[in-house]
Each structure stands twice: as C-alpha cells, then as structure tokens.
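Visitor: Please show me the model and its sequence. I would then like to know the grounds for each label you use.

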Amino acid sequence: MKLFGVIGYPIKHSLSPDMFNAVFKHLKLDAIYLKLEVKPENLREALLGAKALGFVGLNVTIPFKEKVLQFVKAKGVAEKIKAVNTVKLESMEGYNTDAYGVVKSLEEHNVDFSSRFLVIGAGGAARAAVFSLVERGGEVYVTNRTEERGRKLAKEAGCYFVKTGELERMKFDVLINATPLGMVGMEKALPVKEDVIKKASVVFDMVYNPAETLFVKKAKELEKEVIYGYEMLLYQAYEAFKIWNGFYPPLEVMKEALLKKLGFYPE
C-alpha cells in the first residue's frame, strides 16, 4: 500500500484525506492518505519518520510551509516563493502547488492578471499568491497585521506594502484573503473592513472551512464575483497528485468528495 498524508498543527480541519482517498478508491489504487498532527518542535523527526515508514509524499500546511525548507530541497516555483506545501519523500524534494491553485482558480473566473490585487497575509499561502501574481504582471499590494513581515514579503516579491489603516483610502480590483481569519473558530472575523470590499470586483478567500466565510457572504451581499477557498484547495491537490504519481487524477471525483464533505453545493 502506498502511504500519503498531510502534516500541520492543528490538522483536524483538513479535508485533503477526503479528496485523495476518494480518488484512490475510484482509480482502484492500493493507497491511503492520512492526517498527521505534528507539533512544531517535531517537524524534522516527522519528515524523517514518514520517510522511514515508506510514505511516498506529504502535503504541508500551517504552520510549516516555510519551516519545512530547512529539511527539503525546494524545486520549481517553491525555490523562488520560499514556501513548500508538497513533499516527495524519497528524494526529499519540496514543491509549491499553492501557486498553481491560486492561478488556476483566478483563470477559472476569468480574472485579468493585470488587475490591482490586494493580498492579505504574509505566510506560505500569501507568498504563493504574491509571487505568482507579480510574475504575471499584476499590480500587487500586500497588507499584514505584522507590518515587518508584510514589508519583507513585498520587498522580496517586488511589489507594494500597504498598512491596514490605509486600505480604506485605496481601491483594489481583487481581494485575496491568505490569513486564517474566517475559518472554524474565527468565523466572525473579516480580514478587511466592509468599505474595502465594496470597492473591489472580485473576492477570493483561501479559507475553505466553512465554505461560505463571513468574507464571502459579505462579498455576495455586495454582488461581487466570489472565488471560494475550496477551489484553490482542489487545484493544489490535483497538482500534488501529479507530482507524486506522474499523472493527473479525475478532477470531478476529487471535487465531488470535497463538496460532499463540506456539505456545500455552489449555485
């Protein structure tokens, strides 16, 4: 049996096993995908332990997307982004499929990459969005609660930093929430004020559980184009599967399993 998994802390919210196990079953593959909660101080041991146990690959989520670079060789866009969410354990190579997930989600909604983007956050998922958008010619702004971290990301990517207190004076075409605000346990939190949402055309929330965050609900009330977090989750998993197995899985099987688990069926 081939072993795969996702490591993070906490990890109980992850829906990745539902997608991967559904597609393994559909393809009649002798494989299983597990949730593996790892305390931050045990990251190295967890990676080496998984490798020793014969795991083929791991997905990496909060808070390890940047820390894992200490233990794997970054490949492709992961080297530039300096964040990894997919690891091939045999070779200890780290990839970033979040970047693919961001771009594919925006493409599916026909978003113009020359738009003015605001990325909220400065962690691994934010890095994937910022570098991908800058590369495609977007006018990209970063905002972050910790100013120093936000400025560092903007400088590295060659884009702009804006303080949270200055957002209401500006207009952005696309808002991307790359923070945990809105997820289970933080459902009542908005990543930006409603006045900022009012001036945008597209709202993209990377939070996928719940599927309809407060951010998404506000955007829909204001008749904005909405990109759900589950869309990015789906596409990054689709790309990770290919990295590990050498071919793409049936996307609809993964999507159906994901939406069923979320209990959500978009209009």
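**Labels and their grounds**

Guide: Buried residues account for 52% of the 267 residues in the chain; buried means under 20% relative accessible area, exposed over 50%, and partly exposed in between (1.4 Å probe, protein chains only). The model is predicted: local features need pLDDT of at least 70, side-chain atom pairs count only at pLDDT 80 or more, and totals for chains, interfaces and linings use all residues. Residues are numbered from 1 along each chain as its sequence is written, and side-chain values use heavy atoms, with hydrogens and water left out.

Visitor: How do you know whether the chain agrees with a compact globule?

Guide: The rule for a globule is 2.2 Å times the number of residues to the power 0.38, with the radius of gyration taken over C-alpha atoms. For 267 residues that gives a radius near 18 Å, and the chain has 18 Å, so the two agree. The box filled by the C-alpha atoms along the principal axes is roughly 55 × 40 × 35 Å.

Visitor: What share of the contacts in the chain joins residues at least 24 apart?

Guide: The share is 65%, taken among contacts between residues at least 6 apart in sequence; a contact means heavy atoms within 4.5 Å.

Visitor: How many helices and strands does the chain have?

Guide: The chain has 10 helices and 12 strands. Helices (H or I, at least four residues) and strands (E, at least two) are DSSP runs, numbered from the N terminus.

Visitor: Why are strand 2 and strand 4 said to stand at the edges?

Guide: Six strands form an open sheet of mixed pairing, in the order 2-1-3-5-6-4. Strand 2 (31-37) and strand 4 (73-74) each have a single partner strand, so one side of each is left without a neighbour in the sheet. Two strands pair if DSSP finds at least two bridges between them. Strand 4 and strand 6 (residues 93-95) have two bridges, in the parallel sense; there, alanine 74 stands opposite glycine 94 of strand 6.

Visitor: What makes strand 1 mostly covered?

Guide: Strand 1 spans residues 2-8, and five of its seven residues are buried.

Visitor: Why does leucine 118 count as buried?

Guide: Leucine 118 has 0% relative accessibility, so it counts as buried. Its place is in strand 7 (residues 116-120). Leaving aside residues up to four places away in sequence, leucine 118 touches a set of residues including Val162, Leu167, Phe172, Ile176 and Val192. Tyr141 is also one of those touched, and tyrosine 141 in strand 8 is the bridge partner of leucine 118. Strand 7 and strand 8 run parallel, with five bridges between them. Strand 8 (residues 139-143) is mostly covered, with four of its five residues buried. The C-alpha atoms of leucine 118 and lysine 171 are 9.2 Å apart, although the two are 53 residues apart in sequence.

Visitor: Why does lysine 28 count as exposed?

Guide: Lysine 28 has 74% relative accessibility, so it counts as exposed. It is found in the loop between helix 1 (16-26) and strand 2. Its phi is positive, about 55°, although lysine 28 is not a glycine.

Visitor: What is phi of asparagine 110?

Guide: Phi of asparagine 110 is near 55°, a positive value in a residue other than glycine. Asparagine 110 is in the loop between helix 4 (98-108) and strand 7. With a relative accessible area of 70%, asparagine 110 is exposed. Most residues other than glycine have a negative phi, and most peptide bonds are trans.

Visitor: Where is a cis peptide bond, with omega of about 10°?

Guide: One joins isoleucine 62 and proline 63, with omega about 10°; proline 63 is in the loop between strand 3 (55-60) and strand 4. Another joins asparagine 209 and proline 210, with omega about 10°; proline 210 is in the loop between strand 11 (202-205) and helix 8 (214-221).
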